[in-house]
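Welcome to this short tour. Please open the structure in your viewer and keep the selection tool ready.

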Amino acid sequence: MQTPAKITNKRYRLNYHITTPSGWMNDPNGFSYYQGYYHIFYQYYPYSAKRGPMHWGHYRSQDLVHWEELPIALTPDSPEDKNGCYSGSAIEKDGRLYLIYTGNHYYDVNDHSRFYQTQNVAFSDDGIHFTKYSGNPAIALPPTDNSQHFRDPKVWQDGNEYYIVVGGQDKKGLGRAITYKSTDLLHWDYLGPIAVSQGADIEGYTWGSALIFFHWAERTFWYVHLKESWQRVKNILTAIKRDILSAKWIIATISLNMVHFKNLITDTTFTLPKLC
């Protein structure tokens with residue numbers, strides 16, 4: 001049994017922002033509100049300050065200022081996620097909190113360039129203890145025109161239906177966002193791509209962990225990923241903030257992954273007629 005890493009020097013520990021008890025931390029996941037608490041999860045490897053098979057760490061808060069550490073929500077302990085519970089999102093349905101996340105699989109643990117990825121589901125009735133869906137993987141294979149890069153599902157509800165956008169890569173080596181639809185969060189139908197990189201050097205060779213805003217009235221999405229400058233992101237968020245105050249925008253997820261793009265930010269605006 002592995003022993004969690006220990007903190008040996010607290011000099012640089014954060015006193016305000018959420019941080020891990022120890023070990024590795026990256027992407028925030030599953031920001032949601034459930035049973036009177038705001039929940040935030042994050043990519044977590046508790047056994048070293050170096051990256052390892054990803055877990056989901058978990059905090060909750062009633063005021064977004066004071067945070068309570070909770071038990072690890074997801075551990076890579078099943079065949080569907082044996083090499084990591086990668087990023088995803090959360091949503092409440094019928095009084096139950098659902099996590100939708102990517103399971104990572106290496107063909108050879110010594111060669112991280114060869115892998116496949118699946119989309120999995122876990123759920124909780126108390127917001128603390130999670131059970132993995134017995135039918136995982138909920139989405140076992142990417143579309144036939146997609147590469148092995150297939151991860152980071154972001155979920156939202158529209159009426160009686162649920163949708164996810166998943167980061168991917170086409171067979172030309174260009175990043176893209178693809179969508180699925182479901183009525184129960186467990187069985188998913190593929191809808192197709194909704195945005196594609198305009199060039200690997202410009203907008204990235206694969207997309208994942210993006211920032212997504214949904215304009216409820218106009219069924220319009222802003223899919224923000226890394227390309228240009230933080231000033232443009234500030235401009236985008238300032239414009240969206242104005243509409244948030246008039247209840248036009250819903251923030252569907254918050255997560256930025258800086259790995260796949262070069263120091264820069266871009267925004268792509270598109271509509272989804274299939275979802276309306």
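Select proline 4 to begin: beyond its neighbours within four places in sequence, proline 4 is in contact (heavy atoms within 4.5 Å) with Pro46 and Tyr47. Proline 4 and tyrosine 47 are 43 residues apart in sequence, yet 4.4 Å apart in space, C-alpha to C-alpha. Proline 4 sits in the segment before β1 (24-34); strands are DSSP runs of E with at least two residues, numbered from the N terminus. Proline 4 counts as partly exposed because its relative accessibility is 45%; buried means under 20% relative accessible area, exposed over 50%, and partly exposed in between, with a 1.4 Å probe and protein chains only.

A word on what you are viewing: this is a predicted model, where local features need pLDDT of at least 70, side-chain atom pairs count only at pLDDT 80 or more, and totals for chains, interfaces and linings use all residues. Residues are numbered from 1 along each chain as its sequence is written, and side-chain values use heavy atoms, with hydrogens and water left out.

Next, select asparagine 146, in strand β9. With 4% relative accessibility, asparagine 146 counts as buried. Its side chain reaches the backbone nitrogen of glutamine 169 at 3.3 Å.

Now pick Ile164, Tyr180, Leu185 and Trp188, which touch the most other members of the 18-residue largest nonpolar core. Such a core is a set of buried Ala, Val, Leu, Ile, Met, Phe, Trp, Tyr and Cys residues joined through side-chain atoms within 4.5 Å. The largest share of this core, 3 residues, comes from β10.

Definitions and conventions. Helices (H or I, at least four residues) and strands (E, at least two) are DSSP runs, numbered from the N terminus. A polar contact is a pair of N or O atoms within 3.5 Å; within protein, one must be able to donate a hydrogen and the other to accept it, and residues adjacent in sequence count only if both atoms are side-chain atoms.
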